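Here is a short briefing for a first look at this structure. Start with the display, then follow the points by topic.

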Amino acid sequence: MALGFYITATGFTPEKYDTTLAQIDEAGQGTPDGRLYHVALEADGEIQVFDIWESQAAFDAFGETLLPILTGAGIELNPPMVATVHNVIKG
């Protein structure tokens, strides 16, 4: 059962997003196993992320790479909003 994760953070500017994205790519996790969709949104100068993952376990495994990168960039994550995906419509 797929899960949607809506993630907000303090200090996650577009510039920091671009830098952390490059670091994630360098770590070999640019397209992590189990992530179905990734959307980065900008509101009021900060990035918010909405991802759809195959499972909580896949998301947690990616976190082992992601969290040290975000922490190193001084980004403070808020607890994510997590919900079961009911439907996805493309287009």
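Proline 32 touches Trp53 and Phe62, leaving aside residues up to four places away in sequence; contact means heavy atoms within 4.5 Å. This is a predicted model: local features need pLDDT of at least 70, side-chain atom pairs count only at pLDDT 80 or more, and totals for chains, interfaces and linings use all residues. Residues are numbered from 1 along each chain as its sequence is written, and side-chain values use heavy atoms, with hydrogens and water left out.

**Around proline 32**

- Proline 32 sits in the loop between helix H1 (14-26) and S3. Helices (H or I, at least four residues) and strands (E, at least two) are DSSP runs, numbered from the N terminus.
- Proline 32 counts as buried because its relative accessibility is 7%. Buried means under 20% relative accessible area, exposed over 50%, and partly exposed in between (1.4 Å probe, protein chains only).
- Between proline 32 and tryptophan 53 lie 21 residues in sequence terms, and 9.8 Å in space, C-alpha to C-alpha.

**The sheet**

- Four strands make an open sheet in the order S3-S4-S1-S6, and the pairing is antiparallel. Two strands pair if DSSP finds at least two bridges between them.
- Strand S3 (35-43) and S6 are the edge strands, and each pairs on one side only.
- Neighbouring strands of this sheet are turned by 15° against each other on average, direction ignored. Axes are lines fitted to C-alpha atoms, for helices over the stretch in contact, and angles run from 0 to 180 degrees between N-to-C directions.
- Helix H2 (residues 56-72) lies across S1, S3, S4 and S6, at about 40° to S1.

**Strand S1 and its partners**

- S1 is mostly covered, with four of its five residues buried.
- Strand S1 (residues 3-7) runs antiparallel to strand S4 (residues 46-53), and five bridges join them.
- On the S4 side, phenylalanine 5 stands opposite aspartate 51, and tyrosine 6 has phenylalanine 50 as its bridge partner.
- S1 also pairs with S6 in the antiparallel sense, over four bridges. There, phenylalanine 5 stands opposite valine 82.

**At the surface**

- Leu36, Tyr37 and Val88 form a nonpolar surface patch, with about 240 Å² of accessible area together. Accessible areas come from the Shrake-Rupley method with a 1.4 Å probe; for residues, only the protein chains shown count as cover.
- Like charges are joined within 9 Å, and nonpolar side chains (Val, Leu, Ile, Met, Phe, Trp, Tyr) within 5 Å.
- Valine 88 is in the segment after strand S6 (81-84). Valine 88 has a relative accessible area of 41%, so it is partly exposed.

Terms used. Patch = residues over 30% accessible without salt bridge, like charges linked within 9 Å, V, L, I, M, F, W, Y side chains within 5 Å. Salt bridge = Lys/Arg side-chain N within 4 Å of Asp/Glu carboxyl O.
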